[in-house]
Amino acid sequence: MKPRLRIPPFRLPLKVKLLLAAALLMSGLFLAYNLAQYFVLKQWMLQLEKSSIQKMMAELQDHFTNSELNEDPVLIDRHKRFIESINQKNQLIRVLDSNGRTSLVVADGVPEEWVPPAAAARKQMMSAAHGAERLLILRSPLSAPDFRGTIEIVNRLETFGRLHNAMLAVMIAGGGSLSRSAAWVDGWWQRQLLRPVKSLADAMRSAKENGVQVRVDHVSSEDELSQLATLFNSLMDRVEASFRHRASSSSRMLPMN
């Protein structure tokens with residue numbers, strides 16, 4: 001029969017296990033907290049963007065409803081100057097005629113070719129992407145005196161990119177703090193847990209080598225380790241008492257000369 005090669009199991013020291021457990025626990029909590037914070041902030045900022053773009057649409061609708069709009073270059077230029085006065089950074093405003101052709105456009109930080117013009121029969125809001133850029137698009141039918149068409153507003157969600165970079169920086173910075181915190185927690189766990197265990201192990205080893213007079217000192221808390229130390233001391237008391245009783249009985253049984 002061929003001998004089998006037995007590979008000894010890989011065992012980690014207790015303090016290494018405690019360090020890994022502390023690091024994993026704190027990493028999980030840190031990651032969960034940051035992800036929750038990211039999604040909450042993301043939804044909050046998206047709601048702000050939606051509210052802002054809807055207010056802009058209402059202002060444009062009110063302006064065109066009470067103004068004349070046609071192909072006259074003078075009128076187009078007047079409307080364009082008004083839109084330029086209210087257009088925000090990273091925003092595109094475009095007015096289409098009934099055939100979907102662009103009548104006027106004002107853009108700041110959003111190239112017109114990023115979003116092809118599209119007529120809308122009803123108000124609609126959607127999200128889109130151009131490469132790594134996220135866009136929020138709102139389209140609404142326009143009904144003005146002698147003009148039918150569509151208003152398009154496109155917001156470039158630059159704040160989301162900044163939020164992503166900020167959260168990434170926080171996670172990287174937090175990783176260093178997490179390592180230091182895990183080391184501190186490991187030291188604290190060793191003081192609170194491993195010291196009593198080591199004291200108990202030393203007492204057992206000393207009892208094996210030096211006799212049953214050894215006891216575990218400094219048993220003050222009420223946890224399981226203290227109960228184990230108390231049990232060890234009680235056991236040693238009983239063993240020592242038993243040895244003394246046997247020694248006393250043996251001495252009385254010795255014959256007198």
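Glu-152 counts as buried because its relative accessibility is 1%; buried means under 20% relative accessible area, exposed over 50% and partly exposed in between, with a 1.4 Å probe and protein chains only. This is a predicted model, in which local features need pLDDT of at least 70, side-chain atom pairs count only at pLDDT 80 or more, and totals for chains, interfaces and linings use all residues. Residues are numbered from 1 along each chain as its sequence is written, and side-chain values use heavy atoms, leaving out hydrogens and water.

Glu-152 forms a salt bridge with Arg-94, with the closest N and O atoms 2.6 Å apart; a salt bridge is a side-chain nitrogen of Lys or Arg within 4 Å of a carboxyl oxygen of Asp or Glu. This pair links distant parts of the chain, since Glu-152 lies in strand 5 and Arg-94 in strand 1, 58 residues apart. Arg-94 is buried too, at a relative accessible area of 0%. Glu-152 also forms a salt bridge with Arg-139, where the closest N and O atoms are 2.5 Å apart. Arg-139 sits in strand 4, 13 residues from Glu-152, and both are buried. Together with Glu-112, these residues are linked in a network: Arg-94, Arg-139 and Glu-152 are the other members.

The strands belong to an open sheet of 5 strands in the order 2-1-5-4-3, with antiparallel pairing. Strands are DSSP runs of E with at least two residues, and helices runs of H or I with at least four, numbered from the N terminus; two strands pair if DSSP finds at least two bridges between them. Strand 4 (residues 133-144) and strand 5 (residues 147-156) are joined by 10 bridges.
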